[in-house]
There are 2 protein chains.
Amino acid sequence: MGSAEPDIGCSSSLSTSCQRCRLNHLCLPLALEHHDIVRLDDIVVRKQPLRKDQQIYRQGAAFQSIYAVRTGAVKASFLDRDGEETVIGFYLPGEVFGIDGIGTRHYRSTASALEHSAICEIPFDRFDGLGVQLPGLRQHLLALLSRDLVEEQQHSVLLAKRSAEQRVAAFLINLSHRYKRQQLSSTDFQLPLSRTEIASYLGLTIETVSRVFSRLSKQGLFTLNQRDLRHCQIEKLQPIALAKTT
Amino acid sequence: MGSAEPDIGCSSSLSTSCQRCRLNHLCLPLALEHHDIVRLDDIVVRKQPLRKDQQIYRQGAAFQSIYAVRTGAVKASFLDRDGEETVIGFYLPGEVFGIDGIGTRHYRSTASALEHSAICEIPFDRFDGLGVQLPGLRQHLLALLSRDLVEEQQHSVLLAKRSAEQRVAAFLINLSHRYKRQQLSSTDFQLPLSRTEIASYLGLTIETVSRVFSRLSKQGLFTLNQRDLRHCQIEKLQPIALAKTT
DNA sequence: CTATCCGCTTGACGTAGATCAAGAACTCCA
DNA sequence: TGGAGTTCTTGATCTACGTCAAGCGGATAG
């Protein structure tokens with residue numbers, strides 16, 4: 001996004017510790033007492049900021065670390081053998097990704113930056129070692145995985161049962177919640193995904209997504225220019241997202 | 001299934017221990033040394049056999065235990081507020097379910113027996129306590145969750161991108177693998193789900209599922225009477241399940 | 001300032017799968 | 001042994017969304 005730039009900015013945030021990170025109440029440290037956060041800090045690797053489209057890990061690569069988003073946004077996508085890419089998820093600041101590699105010891109998707117982003121890497125074996133001493137951390141990882149599983153189940157239900165309009169409405173509601181969690185506006189924000197990516201994530205075509213956006217904004221539920229969403233009326237989207245399939 | 005019966009049979013298997021269970025190489029004990037299995041055994045509750053449609057837990061109930069299937073089959077389904085039921089998963093002998101409740105401390109779906117079934121209950125806090133002493137068990141649970149997450153992601157991709165025929169083919173391949181894992185025939189088995197349940201699980205209608213079954217069996221890929229599948233040619237289903245969406 | 005590209009929108013048309021409707025086969029029970 | 005309730009199949013029709021095709025506006029480059 002941003003202009004040209006040799007400098008990618010935010011070098012200040014590069015040096016941030018978990019203790020001082022404004023996201024520590026959302027992210028892994030939330031499981032820890034103040035004095036234990038230091039120990040997590042020791043193993044967290046704060047990476048060089050990434051440019052748009054830079055990859056964090058690739059599908060099939062050996063699993064080594066889990067990651068957290070500090071700034072920007074990251075998508076996970078799955079490439080099937082005909083070269084078709086499917087967006088299976090995306091992650092906003094404070095969210096953890098890469099945990100789907102724990103079981104198979106291989107990443108099952110490719111993670112890449114959706115925009116300029118800063119991420120934290122947590123080498124898994126060190127994290128696991130820490131878990132021995134800090135049961136809270138262990139519990140938290142378990143809870144994280146379990147909640148991701150539930151979300152993925154809900155995504156499946158969305159794809160299995162809901163119309164295009166319902167999927168798009170649910171997508172916007174979900175985004176809104178996740179921005180709110182970060183103390184950001186829940187009614188005005190940038191879409192982290194392109195139309196193509198949204199379509200892929202929701203199991204639709206780009207044309208359908210575009211038409212649904214047009215229709216909903218014509219109904220006055222929000223205004224949308226490119227990725228710039230404004231005045232989103234979540235309470236009016238809610239009934240659309242739920243609606244009886246009768 | 002079976003005839004009338006006051007006795008639900010398999011009372012012998014009721015007394016089985018994990019050590020002697022024929023599924024112990026698939027199920028939780030696989031993570032353990034022989035002499036540690038006894039400790040797992042201590043906390044496992046071998047429940048009364050369940051009849052078809054009996055519930056194990058209900059959506060929204062407080063999370064207490066995780067479960068494993070010993071015989072029979074179990075489905076997990078999600079009820080949305082219009083009363084529509086969606087089948088989100090099903091579990092065969094040796095498989096563990098209920099772990100999606102760990103994060104929220106509430107079950108997010110209802111689990112019920114698809115047929116006469118025997119299940120093992122593992123109270124989660126005792127299990128968790130055991131995990132402190134048996135790191136292998138802890139790792140295994142983590143791996144289990146992570147692999148379930150991957151499978152759920154794959155299910156989402158199936159729903160997002162694949163045609164009715166591809167979904168049904170993938171479903172049969174999946175079943176075949178899971179029966180094989182149990183040392184059962186991978187080409188001849190009973191479908192654990194009704195047409196209605198299969199349709200719900202695959203995001204289709206019952207009519208479409210039925211038509212696809214007819215079409216595929218007319219092509220000689222298998223024979224199917226009601227739930228009785230025979231001579232299933234997995235290697236011919238594979239190309240159908242994958243096929244280019246071009 | 002004009003050209004090319006890319007992301008997005010919009011319209012016209014086609015189709016896979018949904019819906020509606022009927023009937024066949026199997027199950028359960030009297 | 002037969003009738004009522006399931007579950008599954010099959011056909012005829014409808015429709016939401018996909019496909020194809022054109023055009024627009026904003027961004028970057030020459």
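What covers the buried residues of α6(A)? Here are some notes on that and on the rest of the assembly.

1. Ground rules. This is a predicted model, in which local features need pLDDT of at least 70 and side-chain atom pairs count only at pLDDT 80 or more, while totals for chains, interfaces and linings use all residues. Residues are numbered from 1 along each chain as its sequence is written, and chains are lettered from A and ligands numbered from 1 in the order in which they are written.

2. The opening question. The cover over the buried residues of α6(A) includes β4 (74-79), β5, α5 (164-181) and α7 of chain A. Six of the eight residues of α6(A) are buried (20 or more other C-beta atoms within 10 Å of the residue's own; exposed means 12 or fewer, partly exposed in between, with C-beta atoms placed from the backbone). They are Glu197(A), Ile198(A), Ala199(A), Ser200(A), Tyr201(A) and Leu202(A). After the helix comes Gly203(A), with a positive phi near 70°.

3. Thr196(A). This residue also sits in helix α6 (residues 195-202) of chain A, but Thr196(A) is partly exposed, with 13 other C-beta atoms within 10 Å. Thr196(A) lies 9.5 Å from Val87(A), C-alpha to C-alpha, although 109 residues separate the two in sequence.

4. Chain A as a whole. You will find eight helices and eleven strands in chain A (DSSP runs numbered from the N terminus: H or I of at least four residues for helices, E of at least two for strands). Its radius of gyration is 19 Å, close to the 18 Å that the globule rule gives for 246 residues, so chain A is as compact as a globular protein of that length (the radius is taken over C-alpha atoms, and the rule is 2.2 Å times the number of residues to the power 0.38). Buried residues are 42% of the 246 in chain A. Of the contacts in chain A between residues at least 6 apart in sequence, 71% join residues at least 24 apart (a contact means C-beta atoms, placed from the backbone, within 7 Å).

5. The A–B interface. Here 33 residues of chain A are in contact with 32 residues of chain B. On the side of chain A, β5 (85-91) and α4 (135-161) are the elements that give two or more residues, and α4(A) gives the most, with 17.

6. Symmetry. Chain A superposes on chain B by a rotation of 180° with 0.0 Å of shift along its axis (RMSD 0.0 Å), so the two copies are related as by a two-fold rotation axis. The same surface serves both copies, with 97% of the contact residues of chain A recurring in chain B.

7. DNA strand D. At least two residues each come from α7 (206-218) of chain A and from α6 (195-202) and α7 (206-218) of chain B, with α7(B) giving the most, six residues.

Definitions and conventions: Contact = placed C-beta atoms within 7 Å. Least-squares fit on C-alpha atoms with pLDDT ≥ 70 in both.
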